Amino acid sequence: MEMKQLWNKIMGLYHYTPKRIKILPANTDRESELITPFEKDKHYFDITVNEMFLSTKNNKNWLHTFDPMVFITTEFYYDGKPVAVPFVIGPSIGLSDKKQELPKDGGMIYKNIPVGGRNAYKGGSLAISLILSQFPYQSPLKKLLNIIESATSTYSKDIFPMVGNYLKIANILVDGMDALAESDDVKPLIGIRENYRDGDVKPGYFALVNLEDDKLDPEKFYVIDEELYYGETKNSAIPFRLNDYVLYSILKEGSRSDYESFPFFNTWKEIDTFVTNYPLSSDNKSVDIPKLEQEAKRMLYSLGHSMRFSPDLTGEQVTILYKLYQEKLDVLLGEKKTLSGKEDHFEEVKIADWEKEFNRINAEIFN
């Protein structure tokens, strides 16, 4: 089953009436970061479940009879085509590590769970689907849920830093999610699918609240230190605890630091090794620097080409990395020149005129 079919199926089976609040940028402590939209090939986007509050006041069965389960799908353009990336947050160890102390007013909070990795924004629309469900603690499908959650968590833990690799197992995960969704044991509580149009994809914080109370004023919700508050002002607001909710965010970043896990980094290691181990000439002093530079720069060009077409990097970071590797290569070549011990570095072996002409003809044929 395709991801789109699964979500259409789930959203068609149940009627959701959650309160969805888009937090005003001015009501957060990151206002300056939330005003301008994402720019193609300049920004990365991070999606995080900042808080998931499960109210034991309104549902005393939370974490005793029921566990939480969140289905999340992110749809965006990757490698020139739209993709749907599934993610599951459930009761496994990855979630248990996020548990905080119980609030005094009752409930359980899970904090700052990354939904997938850092992805390059390549233009086009961006859509997020999110459903919070109850999952029976003793369900025979518990093992399946744990397997699916463990598989999706590998994406956020950089085992699959590149989306393309993760997508290879996505269809298997979707089939498992479909089996969970069809079970009568699973009870969806709140859910939404939000689409952000091309050119208007903006970072922000969003709260999905399991409450049908029109008295709640969206302008009185605040996000402080990644937590949801409610009140007349930011200073007087208190943590929101009226009912279950999921606070999630779409934030932009300018770079990713895990690029050394990408295949192109092996090309750089080959360049480094090639230059470092390039042999001295027969006099054991000089190095054929022109030949070395020509070959090393050819390899650097190949590296740049690989980075440029990587769907996991923004064009802006590609240029920064390309310049970085060029500077590193200049340092390596400089060190090699120093080792040669000569200003002229290398003297070509003298050859006869006929051999020069023969080589010229060869070069003409291949050019």
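Mentor: Let's start with strand β2 (residues 44–54), which is joined to β13 by 9 bridges, the two running antiparallel. Keep in mind that this is a predicted model. Now look at β13 itself, residues 245–253: 8 of its 9 residues are buried, so the strand is largely enclosed by the rest of the structure.

Next, have a look at another set of strands. There is an open sheet of 4 strands in the order β4-β3-β7-β8, paired antiparallel. The edges belong to β4 (81–89) and β8 (187–196); each has a single partner strand, so one side of each has no neighbour in the sheet. On average, neighbouring strands here are turned by 10 degrees against each other, if you ignore direction. Helix α5 (residues 163–182) packs on this sheet and touches β3 (66–78), β4 and β7, with its direction at about 55 degrees to that of β4. As for β7 (residues 126–136), it pairs with β8 over 9 bridges in the antiparallel sense. Within that pairing, L126 has Y196 in β8 as its bridge partner.

Now on to the helices. The axes of α6 (residues 264–276) and α7 (residues 289–308) come within 9 Å and cross at roughly 170 degrees. With over 145 degrees as the cut-off, the two are therefore roughly antiparallel to each other. On the α6 side, the contact is made by F264, T267, W268, E270, I271, F274 and V275, and they meet L292, E295, A296, M299, L300, L303, S306 and M307 in α7. Sort the residues of that contact by type and you get 11 nonpolar, 2 polar and 2 charged.

One last stop is S310, in the loop between α7 and α8 (315–340). At 9% relative accessibility, this serine counts as buried, because the cut-off is under 20%. Leaving out residues up to four places away in sequence, S310 touches K122 and F262.

Methods: Residues numbered from 1 in each chain as written. Predicted model: local features only at pLDDT ≥ 70, side-chain atom pairs only at ≥ 80, totals over all residues. Heavy atoms only, no water. Axes fitted to C-alpha atoms, helices over the stretch in contact; angles between N-to-C directions. Parallel < 35°, antiparallel > 145°, perpendicular 65-115°, else oblique. Contact = heavy atoms within 4.5 Å. Nonpolar A, V, L, I, M, F, W, Y, C, P; charged D, E, K, R; others polar. Buried < 20%, exposed > 50% of the residue type's maximum accessible area, 1.4 Å probe, protein only. Pairing = 2+ DSSP bridges.
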